[in-house]
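Work through the following exercises with the sequence and the model in view, and try each task before reading its solution.

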Amino acid sequence: MPKPKKGPRLGGGAAHQRLILSNLATALFEHGRITTTEAKARTLRPYAEKLITKAKKAHAGENPLHQRREVLKVIRDKGVVHTLFEDIAPTFAERPGGYTRITKIGNRAGDNAPMAVIELVTEAYAPTASTAKAPAAAPAPAEEPAEAEAAEAEATEVEETEAAEVEGTEADETEAPEAEAEVAEEAPAEESAEDADKA
């Protein structure tokens, strides 16, 4: 397990801190969730998650006796170690990390210490699109019908524009004789007005 940090510790010394974390981890694995101070919860989180990783390795068949003995160095209660290896580790088999969750619950009434609940994550693991690459390739077939629909829409637009152009040319052809007739009608009127001026 990690060497205790230098400077302020949870207990009076390094050995005391190791015992505090050992007891907290034992309670966490036994009950599934515990209420403690935020500082203890933040220190316990990586400690407990490393123990869960050892149990997962044993569950996967990676030298299970060695992994169990490594955990027994820290957690002395064989019943809790059995629970960790047989019940908790299989539930986290698919989860790549983040086995615990810390939730702040406000300050303690007596000394106003910030309190938190640390618990094991019990929800089933569902990989997201960013973590799973295989499901990301699945939406590709869904795009093909969309592309086909877009191609059909473009084809109908082209047909509509061609139909509009054909109707426009037919309208121009029908308007052209009328325009010529109007010009012809205006021209004799202008000529008659010029003839009147000459006379």
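**Exercise 1.** In what order do the 3 strands of the open sheet stand, and is their pairing parallel or antiparallel?

*Solution.* Before starting, note that this is a predicted model, in which local features need pLDDT of at least 70 and side-chain atom pairs count only at pLDDT 80 or more, while totals for chains, interfaces and linings use all residues. Residues are numbered from 1 along each chain as its sequence is written, and side-chain values use heavy atoms, with hydrogens and water left out.

The strands are arranged in the order β1-β3-β2, and the pairing is antiparallel; strands are DSSP runs of E with at least two residues, helices are runs of H or I with at least four, and both are numbered from the N terminus. Two strands pair if DSSP finds at least two bridges between them, and β1 and β3 are joined by 5 bridges.

**Exercise 2.** Describe how helix α1 (residues 14–31) and helix α4 (residues 78–91) cross, and list the residues that make their contact.

*Solution.* Two packed helices are described by the angle between their axes and the distance between the axes. Here the axes come within 9 Å and cross at roughly 50°, where axes are lines fitted to C-alpha atoms, for helices over the stretch in contact, and angles run from 0 to 180 degrees between N-to-C directions. The two helices are therefore oblique to each other (under 35 degrees is roughly parallel, over 145 roughly antiparallel, 65 to 115 roughly perpendicular, and the rest oblique).

The contact, meaning heavy atoms within 4.5 Å, involves Thr26, Phe29 and Glu30 on α1, together with Val80, Thr83, Leu84 and Ile88 on α4.

**Exercise 3.** At what angle does helix α3 (residues 64–74) pack against α4, and which residues meet?

*Solution.* The angle is about 135°, with the axes 10 Å apart, and α3 and α4 are therefore oblique to each other. From α3, Gln67, Arg68, Val71 and Leu72 meet Lys78, Val81, His82, Leu84, Phe85 and Glu86 of α4.

**Exercise 4.** Where in the chain is confidence lowest, and where is it highest?

*Solution.* Using pLDDT, the predictor's confidence in each residue from 0 to 100, the lowest mean, 48, belongs to helix α5 (residues 134–137), and the highest, 97, to strand β3 (residues 114–120). Over the chain the mean pLDDT is 79, and 63% of residues reach 70 or more.
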